[in-house]
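Visitor: Can you walk me through this one? I would like to start with the ligand.

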Amino acid sequence: MEDKCKVIAVTNQKGGVGKTTTSVNLSDYLAKFKKKTLLIDLDPQASATCSLGINRRLIKHTIHDVLLGKVKMMDAVVNPQYASCDVVCSNLSLADLELEVADNPDKLFLLAEAVDSVRRYYDYIIFDCPPSLGVITLNALYAADSVLIPVQCQFLAMDGLTQLLNTIKVVQKKKKINGKKLEIEGVLLTMLEKNVKSCWQIVTEIKECFGKKVFNTIIVKNVKASEAPMYSKPVSVYAKSSIAAKGYRDLAKELIQNNGK
Ligand SMILES: Nc1ncnc2c1ncn2[C@@H]1O[C@H](COP(=O)(O)OP(=O)(O)OP(=O)(O)O)[C@@H](O)[C@H]1O
Ligand SMILES: [Mg+2]
């Protein structure tokens, strides 16, 4: 059977650039567009889990248990109250993973194996990565088909991108040996302040650097995007007509179009 699933890692080791906000709202809108979507929280901070109102104490199984082989991925899937996608949660215990798997020769492929077991159930699987290039993010890059890189329209936006791209190149080379790929799904400009001239300079700079790889959709800075998590809701439910909701709806549409499905 043809593999219809696209696995996308939302990643940038720079903190606070909109990875979680993008992962949550993109996953929700993909699901709203009738694409079966699974969001996997890969950050020990568990921001995605928390922003969907999934109570940490009530979670039976987390991605940490899955990566350690204690439970199957499908048994860790939960349905959030408001968002339309499925979710595999995280919690602080995931921070121990690096030490726990230190001696495991397959430590970078734990997620790839777990994800392969559920690909047939989904159209899209989205990873919310932590702000680092450690073992967790490397697992994400080996498991993913592509990377979506959120970049904040702000001073020092390019900071660290060279390091990220170098890491991606290394992983691409290693995957190629096994006939696997890691594409750049796109660079997403986030938190644009339309009235601030210097923000537009960053937009120009990023477009010059990444060309067609930059999504046409730009996510503007909008308080609704930052308020929605306080109510356990994706922005589509919290503020349907907001400019943030439109942004993520447009992004989901653009991504579906780019993937020809
Ligand atoms: N479009 C937006 N408009 C306004 N605020 C936003 C927007 N996108 C994200 N934010 C806010 O910016 C902060 C950082 O966003 P987010 O948590 O998504 O980034 P992150 O890259 O996941 O951070 P970390 O690296 O810590 O995981 C959050 O407080 C979030 O609510
Ligand atoms: Mg985050």
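Visitor: How many residues surround ligand 1, and which are the closest?
Guide: Around ligand 1 there are 17 residues, and the closest are Lys-19, Thr-20, Thr-21, Val-220 and Asn-222. A residue counts as near a molecule if one of its heavy atoms lies within 4 Å of it. This is a predicted model, where local features need pLDDT of at least 70, side-chain atom pairs count only at pLDDT 80 or more, and totals for chains, interfaces and linings use all residues. Residues are numbered from 1 along each chain as its sequence is written, chains are lettered from A and ligands numbered from 1 in the order in which they are written, and side-chain values use heavy atoms, with hydrogens and water left out.

Visitor: What kinds of residues are in that shell?
Guide: The shell has 6 nonpolar, 8 polar and 3 charged residues. Here Ala, Val, Leu, Ile, Met, Phe, Trp, Tyr, Cys and Pro are nonpolar, Asp, Glu, Lys and Arg are charged, and the others, Gly among them, are polar.

Visitor: Which helix gives the most to the shell?
Guide: Helix 1, with 3 residues. Helix 1 (19–32) and helix 9 (223–227) each supply at least two.

Visitor: How far is Thr-21 from an oxygen atom of ligand 1?
Guide: A polar side-chain atom of Thr-21 lies 2.5 Å from one. For Thr-20, a polar backbone atom is 2.8 Å from a ligand 1 oxygen, and for Gly-18 a backbone N or O atom is 3.0 Å from one. A polar contact is a pair of N or O atoms within 3.5 Å.

Visitor: New topic. How many helices and strands does the chain have?
Guide: The chain has 11 helices and 7 strands, which are DSSP runs numbered from the N terminus (helices: H or I, at least four residues; strands: E, at least two).

Technical notes. Polar contact = N/O pair within 3.5 Å; in protein donor to acceptor, adjacent residues only side chain to side chain.
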